[in-house]
Amino acid sequence: MSEPSPWAIEAEGLGKKYRRGWALRDCSFRLPAGHICALVGPNGAGKSTFLSTATRLVQPTTGTLKLFGVPVSDPAVLQRVAFLAQDKPLYPRFTVAETLRLGRELNPRWDQALAERIVRSGNVPFTARIGTLSGGQRTRIAFALAFGKRPELLLLDEPMSDLDPLARHELSGLLMAEAAEHGTTVLMSSHMLSEMEVMCDYLLVLAEGRLRMAGQTEELVPAHLLVTGVASGDDGVPEELRRQHTVVESKVTGRQFTALVRPGGPLSDSWETLSPSMEEVLLAYLRSPDAPTLIADEARIDGGQQEAAA
Amino acid sequence: MSVVEFRIDRRSGVATYLQIVQQVQQALRLGILVEGDRLPTAAQVAATTKVNPNTTLKAYRELEREGLVEPRPGLGTFVSRTLARPDSAADALLREELRSWMQRAQAEGLDREDVQALLNSVLQERYPDA
């Protein structure tokens with residue numbers, strides 16, 4: 001194989017149309033390898049459709065998708081990717097040992113020692129049948145299978161959603177440690193915004209099938225400010241604010257306005273400003289599907305030569 | 001075994017990598033970390049705190065820039081300088097003076113918040129932008 005691609009994912013004009021309409025539309029971005037990326041969006045935003053196209057479960061209607069430079073239309077791509085679906089499908093009648101054997105037989109790059117270590121660190125007996133395990137244990141076995149494959153890219157669809165807080169904490173730690181150990185690129189969809197803030201350093205935000213935001217969190221989040229001040233004008237948000245800055249979301253309470261903005265320059269002293277958390281920025285974008293799209297230069301497929309269209 | 005464990009406060013509004021930088025500095029000041037200690041690896045930090053490994057590495061780079069730690073390829077990141085000061089005579093004297101000052105404040109009827117506010121304002125005056 002030639003030079004490894006620095007991009008774990010490159011999507012260009014990616015779209016998927018079902019009979020009821022577009023589930024994913026005109027999606028263009030790239031994810032540099034080595035990041036842990038959150039895929040965020042309300043239900044029905046196209047997250048699962050995107051993950052399905054990346055794992056060849058669904059064929060895109062338009063556009064192309066490459067993983068490490070290999071188009072997903074090439075079956076060879078499957079060797080480099082592991083996908084863990086939300087319901088963590090495993091054979092309930094298999095024992096843990098049999099499940100790992102399945103992984104070994106099906107995957108040429110299988111790392112048995114690694115998979116066993118993940119099982120052992122949770123004290124899950126190898127003789128237990130999958131069907132008898134707790135949710136946390138089952139997720140652990142699914143992680144063992146996924147990491148045992150030694151993927152370069154791990155795709156997870158809401159991996160922690162059905163776990164109790166203890167198992168969630170333990171398995172998030174396991175996920176992060178293994179990803180750090182092997183330099184695995186991770187893309188995971190989740191609704192747990194505050195947890196994503198610590199775990200992820202890259203963001204993809206989808207809403208209504210379109211990409212709303214993409215880039216490194218440390219670049220995207222500080223590009224926003226929470227502004228409050230005295231309401232004025234027709235809808236309460238001062239004209240001056242709209243003219244010079246990009247307003248993502250705004251709200252008026254009595255005589256006060258609050259707005260999440262992308263400042264286009266210095267802000268007037270008459271307003272109070274605060275730095276929002278990642279969760280606040282994400283919520284604002286999710287609530288405002290009409291807000292202008294924000295794609296960081298690095299995440300653009302053309303390397304940032306063009307202005308992003310709203 | 002790692003010598004320190006980081007605690008990440010998600011509500012503090014302080015960037016995660018800065019929290020790690022500050023906690024290492026604090027541990028150095030208190031003598032919890034001394035020269036030659038190995039900092040936990042990014043994977044170890046991730047396992048206990050779920051912090052993104054790139055965030056930990058960023059914090060370590062910042063500490064390296066400050067000359068407090070040095071990476072040894074293949075081995076980890078090691079403390080190269082200590083910040084702990086030996087308990088000097090001046091320290092003991094200052095502490096005694098502060099204690100009697102606080103006694104007076106208490107006698108004047110200042111409560112905890114009043115004292116805190118006073119201390120902070122003088123601190124800010126003397127040591128701007130800490």
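Helices (H or I, at least four residues) and strands (E, at least two) are DSSP runs, numbered from the N terminus. This is a predicted model, in which local features need pLDDT of at least 70, side-chain atom pairs count only at pLDDT 80 or more, and totals for chains, interfaces and linings use all residues. Residues are numbered from 1 along each chain as its sequence is written, chains are lettered from A and ligands numbered from 1 in the order in which they are written, and side-chain values use heavy atoms, with hydrogens and water left out.

**View 1. Two loop residues of chain A with positive phi.** A:Glu158 is found in the loop between β7 (153-157) and α5 (165-182) of chain A. Its phi is positive, about 40°, although A:Glu158 is not a glycine. With a relative accessibility of 11%, A:Glu158 counts as buried (buried means under 20% relative accessible area, exposed over 50%, partly exposed in between; 1.4 Å probe, protein chains only). Now turn to A:Lys88, in the loop between β6 (81-84) and α2 (96-106) of chain A. A:Lys88 is not a glycine either, yet has a positive phi of about 45°, and is buried at 5% relative accessible area. For context, most residues other than glycine have a negative phi.

**View 2. The largest pocket, with lining from chains A and B.** About 980 Å³ of space lies in this pocket. Of its 33 lining residues, those closest to the centre are A:Glu197, A:Val221, B:Val14, B:Ala15 and B:Thr16. On a 1 Å grid over the protein atoms alone, a pocket is an open set of points with protein on both sides within 12 Å along at least five of seven lines, a cavity is a set where a 1.4 Å probe fits but cannot get out, and lining residues have an atom within 4 Å of a point. Grid points are joined across faces, edges and corners, and a volume is the space filled by probe spheres set on the points. At least two lining residues each come from α6 (193-199), α7 (217-220) and α9 (278-287) of chain A and from α1 (16-30) and α3 (53-65) of chain B. The largest share, 5 residues, belongs to α3(B).

**View 3. The largest cavity, lined by residues of chain A.** Here you can find about 30 Å³ of space. Around it sit A:Leu24, A:Cys27, A:Phe29, A:Leu39, A:Phe50, A:Leu204, A:Leu206 and A:Leu211. Two or more of the lining residues come from each of β2 (21-32) and β9 (202-207) of chain A, and β2(A) gives the most, with 3 residues.

**View 4. Aromatic pairs in chain A.** The whole structure has 4 aromatic pairs over all chains. The ring centres of A:Phe143 and A:Phe147 are 6.5 Å apart and their planes lie at 75°, so this pair is edge-to-face (rings of Phe, Tyr and Trp, its six-membered ring, pair if their centres lie within 6.5 Å; planes under 30 degrees apart count as stacked, over 60 as edge-to-face and the rest as tilted). Both residues belong to helix α4 (residues 135-148) of chain A, 4 residues apart, about one turn of the helix. A:Phe143 and A:Phe147 are both buried. A:Phe257 and A:Trp271 also form an edge-to-face pair, with ring centres 6.1 Å apart and planes at 90°.
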